[in-house]
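Happy to walk through this one with you.

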Amino acid sequence: MEHTKPLPPDLVARYRGWRATRFAENKAWYRHLAEEGQHPRAMVISCCDSRVHVTSIFGADAGEFFIHRNIANLVPPFEIDGDRHGTSAAIEYAVRSLKVAHIIVLGHSNCGGVQACHDMCRGDAPELEASGSFVGRWMDILRPGFERVKGIASDAERIVALEKQCVVVSLENLMSFPMIRDAVAGEMLSLHGIRHDIASGGIETFDGRSGRFEPL
Ligand SMILES: [Zn+2]
């Protein structure tokens, strides 16, 4: 492992600053978390995108959210095939072990993953079609969503619609997990879909009855 290097000095300085201030001010809370374990009330499935600041948006402290991030906040369908399913593993742990009361799928504007899926589905990104593209194969999850929006004439509106489909498809796929269907039926778990606009800070929430996103 000779290719590993020490942390960049600016990160070391930031860490020391955190330890001396926010950590020092909340020592008792961190000790409590260490001794009592985590009991987050919600799982959040968000995009890896660095602009999506889940804990800032909800003013959350350590221990409050069980956060899973992947490209374009996608949930794959329930599949038992012996492959390594990181997202499904996180969902299983959140529901079975942590018994979270909520799963929030958090989509966002200007999503590079959604744009990639859009271009791939329109035949404009052959590199993503290759079997060796991890991003392409991952974004295949969203192809059913593209089929629903491909008729929209405006490029910008089609992209926004696909960003919303990214949330909807994930919510649909969550319900393909038997453990989630059971928890929802038993009113132990509720599912939520939201889309965050990076520029305006706005949030729209998905209304399952109307099938539309409404501003919060
Ligand atoms: Zn994204």
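The questions below go from the whole chain to its helix packing, its cores and some loop residues.

This is a predicted model, in which local features need pLDDT of at least 70 and side-chain atom pairs count only at pLDDT 80 or more, while totals for chains, interfaces and linings use all residues. Residues are numbered from 1 along each chain as its sequence is written, and side-chain values use heavy atoms, with hydrogens and water left out.

Q: How many helices and strands does the chain have?
A: Let's start with what counts: helices (H or I, at least four residues) and strands (E, at least two) are DSSP runs, numbered from the N terminus. The C-alpha atoms fill a box of roughly 55 × 50 × 40 Å along the principal axes. Within the chain, the secondary structure comes to ten helices and six strands.

Q: What percentage of the contacts with a separation of 6 or more is between residues 24 or more positions apart?
A: A contact here means heavy atoms within 4.5 Å. Taking the contacts in the chain with a separation of 6 or more, the share from residues 24 or more positions apart is 62%.

Q: What percentage of the residues of the chain counts as buried?
A: The cut-offs are under 20% relative accessible area for buried, over 50% for exposed, and partly exposed in between (1.4 Å probe, protein chains only). Of the 216 residues of the chain, the buried share is 38%.

Q: Are the axes of H5 and H9 roughly parallel or roughly perpendicular?
A: Axes are lines fitted to C-alpha atoms, for helices over the stretch in contact, and angles run from 0 to 180 degrees between N-to-C directions. The axes of H5 (residues 112-121) and H9 (residues 155-174) come within 10 Å and cross at roughly 110°. Angles under 35 degrees count as roughly parallel, over 145 as roughly antiparallel, 65 to 115 as roughly perpendicular and the rest as oblique. H5 and H9 are therefore roughly perpendicular.

Q: Which residues of H9 does H5 meet?
A: On the H5 side, the residues are Val114, Gln115 and His118. The residues of this contact divide into four nonpolar, two polar and two charged, where Ala, Val, Leu, Ile, Met, Phe, Trp, Tyr, Cys and Pro count as nonpolar, Asp, Glu, Lys and Arg as charged, and the others, Gly among them, as polar.

Q: Which helices are included in what covers the buried residues of H5?
A: H5 is mostly covered, with seven of its ten residues buried. Those are Gly113, Val114, Ala116, Cys117, His118, Met120 and Cys121. The cover includes H6 (126-129), H7 (134-139), H8 (143-149) and H9.

Q: Which residues of the largest nonpolar core touch the most other members?
A: A nonpolar core is a set of buried Ala, Val, Leu, Ile, Met, Phe, Trp, Tyr and Cys residues joined through side-chain atoms within 4.5 Å. The largest one holds 22 residues, and S1 (42-47), H4 (86-97), S3 (102-108), H9 and H10 (178-185) each supply at least two residues. The members touching the most others are Met43, Ile91, Ile103, Leu174 and Ile180.

Q: Which residues is Ile180 in contact with, leaving aside its neighbours within four places in sequence?
A: Ile180 is among the members of the largest core that touch the most others. Beyond those sequence neighbours, the contacts of Ile180 are Ile91, Val95, Ile103, Leu174, Met175, Leu189 and Leu191.

Q: Is Asn73 buried or exposed?
A: Asn73 sits in the loop between S2 (65-70) and H4. Its phi is positive, about 45°, although Asn73 is not a glycine. With a relative accessibility of 1%, Asn73 counts as buried.

Q: Is Glu187 buried or exposed?
A: Glu187 also has a positive phi without being a glycine, here about 55°. Its place is the loop between H10 and S4 (190-196). At 72% relative accessibility, Glu187 counts as exposed.

Q: How many Å apart in space are Ser200 and Ser109, C-alpha to C-alpha?
A: Ser200 is in the loop between S4 and S5 (203-207), and is exposed at a relative accessible area of 56%. Ser200 and Ser109 are 91 residues apart in sequence, and their C-alpha separation is 9.9 Å.
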